Every structure is written in C-alpha cells, then in structure tokens.
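Me: I would like to learn how to read the features of a model like this one. Could we take them one at a time?

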Amino acid sequence: MKINGNSINAVNAYIHTANETLSKRSSERMGKRNVDTVEFSKAGKAALSMTASTSNKRNEAVRAARDTASPERIAALKASVDSGSYHVSSDKIASAILNG
C-alpha cells in the first residue's frame with residue numbers, strides 16, 4: 001500500500017473543518033442557555049406536602065424518644081428483650097398508628 005503525502009493534508013483539512021464546526025456550535029450554545037423547569041400537578045404538590053409532614057413527624061418522634069431514653073431504661077429494655085419477656089401491646093400500637 002502506498003501513501004502519498006497529499007492524503008495527510010486531506011486528513012488535516014478534515015480535522016480543521018471539524019474543529020471549526022465544533023467551535024461554531026459551542027459558541028452558539030453559549031449564547032442560548034438551556035434551562036430545565038419542573039411543574040408539579042396538584043396531586044404531586046399534595047404528595048410532597050404529605051411527605052414533608054410525615055418526615056417532620058418522624059423527626060419529632062425520634063427527638064422525643066432520645067429525650068426520654070435514659071441509659072437505665074435502655075438497659076432494662078435490652079434485658080427484657082434478651083430474656084424474651086418483652087411484650088408490646090397491640091392496642092397501644094393500633095392507637096399510636098390511628099392517633100398519630
């Protein structure tokens with residue numbers, strides 16, 4: 001296969017043209033800025049509101065649990081769980097779920 005010196009110049013010309021095209025495209029894009037927008041439906045807004053409300057309630061419950069959890073109480077709970085004598089009232093669980 002024989003390669004003439006002229007074919008390299010053709011490749012260089014192609015690269016130069018491609019670079020000019022890319023440069024023009026990028027300068028055109030710089031002038032126009034694409035901005036993404038998001039719009040939520042009423043149902044979506046309601047769902048977001050409920051999620052935030054639930055998250056706030058969970059955070060409040062965690063804070064309340066931390067405030068009332070003494071090392072002695074935690075140790076007593078661990079001991080009763082380990083021994084198998086810990087019992088949770090299903091009525092209390094249902095009441096807490098229903099009443100928030």
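Me: Does L98 count as buried or exposed, and why?

Reply: Exposed means over 50% relative accessible area. In this predicted model, L98 has 72% relative accessibility, so L98 counts as exposed. The residue lies in helix α4.

Me: How many residues of helix α4 are buried?

Reply: The cut-off for buried is under 20% relative accessible area. Helix α4 spans residues 90-99, and the count of buried residues among these 10 is 0. The helix is hardly covered.

Me: What follows just after α4?

Reply: G100, which takes a positive phi of about 75 degrees.

Me: Which residues make the nonpolar surface patch?

Reply: L98 belongs to the patch, together with L77, V81, Y86, V88, I93 and I97. The patch covers about 690 Å². The largest share, 3 residues, comes from α4.

Me: Why does S80 count as buried?

Reply: The test is again relative accessible area, with under 20% for buried. S80 has 17% relative accessibility, so S80 counts as buried. S80 sits in helix α3, residues 71-83.

Me: What does the side chain of S80 reach, and which residues does S80 touch beyond four places away in sequence?

Reply: The side chain of S80 reaches the backbone oxygen of L77 at 2.9 Å. Leaving out residues up to four places away in sequence, S80 touches S85 and Y86. Both L77 and Y86 are also among the residues of the nonpolar patch.

Me: What is the secondary structure of the protein chain?

Reply: The chain has 4 helices and 0 strands. Read from the N terminus, the order is α-α-α-α.

Me: Which element of the protein chain has the lowest mean pLDDT, and which the highest?

Reply: Where pLDDT is low, the predicted coordinates should not be read in detail. Helix α1, residues 5-31, has the lowest mean pLDDT among the elements, at 63, while α4 has the highest, at 90. For the whole protein chain the mean is 78, and 72% of the residues reach 70 or more.

Notes. Residues numbered from 1 in each chain as written. Predicted model: local features only at pLDDT ≥ 70, side-chain atom pairs only at ≥ 80, totals over all residues. Heavy atoms only, no water. Buried < 20%, exposed > 50% of the residue type's maximum accessible area, 1.4 Å probe, protein only. Helix = DSSP H or I, 4+ residues; strand = E, 2+ residues; numbered from the N terminus. Polar contact = N/O pair within 3.5 Å; in protein donor to acceptor, adjacent residues only side chain to side chain. Contact = heavy atoms within 4.5 Å. pLDDT = per-residue confidence, 0-100. Patch = residues over 30% accessible without salt bridge, like charges linked within 9 Å, V, L, I, M, F, W, Y side chains within 5 Å. Areas by Shrake-Rupley, 256 points an atom, 1.4 Å probe, with all protein chains shown as cover. Salt bridge = Lys/Arg side-chain N within 4 Å of Asp/Glu carboxyl O.
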